[in-house]
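Please have the sequence and the model at hand while reading.

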Amino acid sequence: MLIQILTLFPEMFDGPFNCSILKRAQEQNLVEFRYHNFRDFTTDKHRMVDDSPYGGGSGMVLKPEPIYRCLQAVKKDRPLAKTILMTPQGAVFDQKLARQLSAEEHLIFICGHYEGFDERIRQWADFELSIGDYVLTGGELAVMVVCDALVRLIPGALGSDESAVRDSFTGSLLDFPQYTRPVEFEGSAVPELLLSGHHAKIEAWRREQAIVRTAQRRPDLLKDANLTEAEQRFLMEKYNIKP
Ligand SMILES: C[S@@+](CC[C@H](N)C(=O)[O-])C[C@H]1O[C@@H](n2cnc3c(N)ncnc32)[C@H](O)[C@@H]1O
């Protein structure tokens, strides 16, 4: 997969994209990142990428021309690449979107900055993406979040012992509680069943824990969780939770 990022701050990606799974995925040629500073596509001597808003108001707005020229150059050989504009006004990113994007061959992200961007920039994007209902300084951190979530879903990106299959949101349940050595720490012990080696019972316990955890923390997810009648009854009887 080729991911091209239009940004005024390409250096921001150096750290996060050069360690752990993102680094390994690049070394394995599963993903390639290219950064394009749209300031390089200005034509005036001050290399201006922003200007004050028409109609007045505080802050600066990203101008359309540098981003347009940068996008044209990036899309020249790959006109079908999906272009995604980062904005808090976009569709809210989730695991389902991460999975969809992980199947693309070529993605282009546009990072806004300052007060935002000229409204005409919106028409060049295939869709607009937000990472949540809060406002960041720029789109860079948002792109990092999106890329991290989607790259780990590219087949081969995770090692065999780092499966994404059970992760929270992969089905409609949160992940079950995990434990590792030591068996006891500061008076807190690992549930005995996990030490039993009884795989069927462990599986059943994990499913039960995932259901209870989801019901307690994110009951909104349960409607898509396809709980069996027995599981629904169990939630009602033991926890007084109606799925
Ligand atoms: C300070 S914000 C501008 C926010 C804009 N005035 C608004 O309220 O929609 C600057 C840039 O950061 C990025 N950004 C901020 N919050 C974001 C979020 N929650 N998700 C994705 N991108 C975000 C966008 O690219 C945005 O253009």
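## Cysteines

In this predicted model, the sulfur of C70 has its closest cysteine sulfur in C111, 11 Å away, which is too far for a bond. A pair counts as a disulfide only with the sulfur atoms within 2.5 Å. C70 is also buried, because its relative accessibility is 0%.

For C147, the closest cysteine sulfur is again in C111. The separation is 8.9 Å, so this pair is too far apart for a bond. C147 has a relative accessible area of 0% and is therefore buried. The structure holds 0 disulfides.

## Residues around the ligand

The ligand is surrounded by 21 residues, and the closest are M86, Q89, G112, E115 and Y134. Sorted by class, this shell has 10 nonpolar, 10 polar and 1 charged residues.

## Polar contacts and cover

Q89, one of the closest residues, places a polar side-chain atom 2.8 Å from an oxygen atom of the ligand.

On its own the ligand has 580 Å² of accessible area, and the protein covers 86% of it. Strand 5 (82-92) and strand 7 (127-130) are the elements that give two or more residues to the shell. Strand 5 supplies the largest share, 4 residues.

Key:
Residues numbered from 1 in each chain as written. Predicted model: local features only at pLDDT ≥ 70, side-chain atom pairs only at ≥ 80, totals over all residues. Heavy atoms only, no water. Near = heavy atom within 4 Å. Polar contact = N/O pair within 3.5 Å; in protein donor to acceptor, adjacent residues only side chain to side chain. Areas by Shrake-Rupley, 256 points an atom, 1.4 Å probe, with all protein chains shown as cover. Nonpolar A, V, L, I, M, F, W, Y, C, P; charged D, E, K, R; others polar. Buried < 20%, exposed > 50% of the residue type's maximum accessible area, 1.4 Å probe, protein only.
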